[in-house]
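Subject: Handover of a structure

Hello,

I am passing this structure on to you. Please open it first, then read my notes below.

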Amino acid sequence: MLFRSPLLVRPIPAEEWATSWRAEFPILRVGRIVVRPPWREHLAEPEDAVVTIDPGQAFGTGLHPTTRLALIGIERWGAAGRLGEFPLDGPGVLDVGTGSGILLLAAIALGASHGTGVDIDPVAVVAARQNALQNRAAAEFIEANQKLAGEFDVVIANILANPLKLLAPVLARATRAGGRIVLSGVLDHQAGEVTDCYAAWFDMEVPIHEDGWALLSGRRR
């Protein structure tokens, strides 16, 4: 049996669907790190490291477990003040697969002097540059086909397990002796095999787990 009812038609202004989702977009806290969209105000505590991220087309708002895990790794290390121990004229932090730039910008907010973010997606590079300007951060964002020079104090990569395994020699060469590596985008059952790929160069630490994902970190020998 068919039910018939009057068809209700009403115009919806373009700005209604384009902006209404913003009301539900939260402020995220991970330890000292506070990630906020530009339209939300945050009354910062003295120890807060506030990062303003416009959630556009680039991945990385802090809401996905892999991004949160990477932020946890950066925050735990930065909370001890060790992100500020590197020389101002050194290469700083390298963020591979930077997306919105959230991880690099969080590291700088915690005390790193500067850094470089790399992504294969030119749209992400543009978005990350805009976020860096909004945060007044000393961050450079480039496409992956551009050459990187030197070794970095900290290397961060939030991508997937297979690319992380393939990139292990490259990321190891990019990390200076005594420097740190932070790896996310790894499922729990993949943690062992990814760790094995990096153990030739790094003293790897016990993984941190959340929602089926693992965070790996270590120090370059």
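A charge sits over a ring if NZ of Lys or CZ of Arg is within 6 Å of the ring centre and within 35 degrees of the ring normal. Keep that in mind for Arg220: its charged end sits over the ring of Phe202, at 5.8 Å from the ring centre. Please note that this is a predicted model.

The aromatic rings

How many aromatic pairs does a search of the whole structure find? The answer is one. Tyr198 and Phe202 form that pair. A pair of aromatic rings is described by the distance of the centres and the angle of the planes. Here the centres are 6.1 Å apart, and the planes stand at 50°. The pair is classed as tilted because planes under 30 degrees apart count as stacked and those over 60 as edge-to-face.

Are these two residues buried or exposed? Tyr198 has a relative accessible area of 0%, so it is buried. Phe202 has a value of 1%, so it is buried as well. The cut-off for buried is under 20%.

The sheet

Next, the strands. Three of them make an open sheet, in the order E1-E2-E3, and the pairing is mixed. Strand E1 (28-30) and strand E3 (49-52) are the edges, each pairing on one side only. On average, neighbouring strands of the sheet are turned by 20° against each other, direction ignored.

Strand E2 covers residues 33-36. E2 pairs with E3 in the parallel sense, over four bridges.

Helix H3

Which helix lies across E2 and E3? It is H3, residues 102-109, and it runs at about 150° to E3. H3 is mostly covered, with seven of its eight residues buried. The buried ones are Ile102, Leu103, Leu104, Leu105, Ala106, Ala107 and Ile108. Just after H3 comes Gly111, which takes a positive phi of about 135°.

Thr67 and its contacts

Thr67 belongs to helix H2 (residues 65-78). Its relative accessible area is 2%, so Thr67 is buried. What does Thr67 touch, leaving aside its neighbours within four places in sequence? Its contacts include Ile102 and Leu103 of the chain. Thr67 is also in contact with Phe59, Gly60, Gly62 and Asn158.

Over to you.

Best regards

Conventions: Residues numbered from 1 in each chain as written. Predicted model: local features only at pLDDT ≥ 70, side-chain atom pairs only at ≥ 80, totals over all residues. Heavy atoms only, no water. Pairing = 2+ DSSP bridges. Helix = DSSP H or I, 4+ residues; strand = E, 2+ residues; numbered from the N terminus. Axes fitted to C-alpha atoms, helices over the stretch in contact; angles between N-to-C directions. Contact = heavy atoms within 4.5 Å. Phe/Tyr/Trp six-rings, centres within 6.5 Å; stacked < 30°, edge-to-face > 60°. Buried < 20%, exposed > 50% of the residue type's maximum accessible area, 1.4 Å probe, protein only.
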